[in-house]
Amino acid sequence: MAPHCDCSVMAKASCMPPQEQLWTKDTAQGSDSLINPPDPLSNDNDPSSPPNVAIRTPLEIRSISRKRTRPYIKIILCCFVVTVLAAPWIKMTLRVASKREDDEPNPPPLPSTMILLHPPSNEHEIQSLQELLAEYSDPILTWEEFSNSSFKAAYDFDDTEVSNGEHPEYTYTSSNHFSSKRTALLFAPGIYPINVQIGYYTSLYGLGPHPNAVLFTGDKGPHVPALDKFTDRPPFGSGLNTFWRSVENIATRPSGNGGMTWAVSQAAPLRRIHVQGDLNLFDAGAWMSGGMGANMVVDGELNFGAQQQWIMRNVHLKKDAVGGAWSLVFVGCEGNVPEERTGMEGTGPSLTLEENPRVRIEKPFIVLKDRQLQYSQAKSEGLKDYQFELKVPKVSFGKDASGPQFYESDEETRDFRRVTLGIPSAALDVTAAAIENHSVLQKSLDQGKDLVLSPGIYHLSSSLEVKHPNQVILGLGYATLIAPSNGKPCIYVHGKVPGVRIAGVMLEASVLSVEGRARHSCLLQWGEEGALDGGDENNPGLLSDVFARVGGSSPDRSVTTDVMVLLHSGNVIGDNLWLWRADHVALRPGEEANFPRISPLYRQTVSGECQVKNGLIVNGANVTIPWNTQPKTKSSGMAMMLMVTSHLTLGVVYFYQSELPYDVDQSFAAEKYVGFRLSSQVKRHTAYGIGVYSNFRDHDVTVETAVVHPETGGVALRNIFTVKLDNMGEISSIVNGRGPGPTPDLRRGVPLRCVNSSCS
């Protein structure tokens, strides 16, 4: 029971101790009367005296005033104390009263793909936690196992490739590259003296209100080294295929000498992290092909090592940033940010800086609710000792769009009772599962709820349609949506619906049916075709960590789509998109690799397989894209890789990378396909750090230029370059036919550069 105190006027004495009650027995008169003793100077008892003519000194007046107001002060204090003591019961009552019939449980039942972990309190718990986390790391291969296996023969391995006969005792491998397993590791606030290697399709999340609430103090903490050190450029290994893994909302203080190692490539972001030491985005001599870090603080040195390209957004650097191969972009960063450079001074990358971006939106995330409130509610309501909240960061403009954003005042907190935790259908029949997945998830969206998708694979029979402003779809642990077979997108955001956030999802193409097929197939559509929709500049939409792929894990190489992402609305921010036409796919049972010299583990995609026309088409205005994107595709009877066509009237691209398809022939160039194109309608556009690469494996292809845009003063490009990665062919120029092309003595992997679109 809550303490009771009736503070009404008629019963105010009940709040006071007996000796100070307002009502007492007047012994002289033998009746109840107020304690307000007769004033000896008053003439009230003399009828002949004029009323109210008592004479009082100022001191007497103050004394009487104190006596009369003291009881009321005590009443106010009493009511305040009671209100404070009763607050938990009041909140609980309001919570019950505000409960709606369609509310979700909080906490929701967690599927096996979401692992909720708590800080260990002794050595036994530390060891148990380490053993558990090893299940979600990449598989380990020891040198002894490798030496006694068929791996050497498969790779035509020569011991002399290992310098001085030295080799590591073990290596993590990429054998889970196309696994169907998805995992979210959820760490409650506390200190974790452990190490965890983050494997494929695994995301590590801290559940505290800020990064420092979940602190890792192992000698490595969360980390990713180079993989396949016995088979890929031994003994260095590689990070070129180290995709699909992430860490968010934690602090790490590596106790070893090496700092935090994150040797990854695409679709492997670091977000909302405090690195209390050095951050190494490389591992010795291994190669990596680019990535993204956002909303971070790095106390030590930031070393890019051999990373080909990387974007850092809203990061506070306390020490130097060094290394890097081709292109580094810094957007909204502060502290010890390096000076801009073109990369034409000699060796080293170009450094492109935008200190003051116009706008930024951070990715939504989940946290555990305030613990003190949890315990009081758990005792009275029989709940578990935790509950979740969904945090939705607010839009930042101007000076607030720079630097990290860790403060709760910058976030909107949403009750998890209005959030549906999606769980993939357990139906064995794919068609039945697709119908069930769509029905359950769409019902919640129609009710105006937010969606948090648990890790897993969701086949869909129709699009998930977002119709309500400010709605959130947040995927955890690389939740993967398989597109409907009729060509409709996995997600369709209706036009003129502001503030929508789509984050943390993988979108995968399917085999399209002939009947009922959409006129233009895509994996994500925002806005309506042909509609005039400028969006809301004060409440933009967000695509954050959205990773699309055509091919890869599917044994059927006829998976296809016309476009991966199609934007018809304006004022949409794309924050780390990787739109991948698979250049390699999983082997079918018993199938042998078609290019074993490249890799005996995968099939290399050839013409006619995994076809897609464009990675991204933008028809809106004021679209901002700080992104990391690689192979895109275009197809007219042939498969291609990452091609971008933009019809936007205004827009900004921070950091862009595109590999042209490996398997095309000269018709690719004849049809005027390029890596980055702005249509003739574009009047104003800015792009920073654009790289387009060639690796024509199957045919000798000559592409006229890498980037095409209208010749207007409103288009400004900075630090554009091309790279010939390997094999045949070339890109003959950089921008609109200007800029250097390769020469016979040009080594592979050496950038050719233009500082601006005029290549002056």
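A contact is defined here as heavy atoms within 4.5 Å. The structure is a predicted model, in which local features need pLDDT of at least 70 and side-chain atom pairs count only at pLDDT 80 or more, while totals for chains, interfaces and linings use all residues. Residues are numbered from 1 along each chain as its sequence is written, and side-chain values use heavy atoms, with hydrogens and water left out.

M312 touches L279, L281, G293, L302, F304, V329, F330, V331 and C333, residues up to four places away in sequence not being counted. M312 is also listed, with F187, W262, L279 and F330, among the residues with the most contacts inside the largest nonpolar core, which has 62 residues. Such a core is a set of buried Ala, Val, Leu, Ile, Met, Phe, Trp, Tyr and Cys residues joined through side-chain atoms within 4.5 Å; buried means under 20% relative accessible area (1.4 Å probe, protein chains only). A second, separate core of 56 residues includes Y478, V500, I502 and L543.

The chain contains 7 helices and 51 strands, taken as DSSP runs (helices H or I, at least four residues; strands E, at least two) numbered from the N terminus. Four strands, in the order β13-β15-β17-β19, form an open sheet with parallel pairing, where pairing requires at least two bridges found by DSSP. β13 (260–261) and β19 (321–322) are the edge strands, each with a single partner, so one side of each lacks a neighbour in the sheet. β13 is joined to β15 (residues 279–280) by 2 bridges, and T261 lies opposite N280 in β15.

Of the 760 residues of the chain, 55% are buried. Among contacts between residues at least 6 apart in sequence, 68% join residues at least 24 apart.

Definitions and conventions: Buried < 20%, exposed > 50% of the residue type's maximum accessible area, 1.4 Å probe, protein only.
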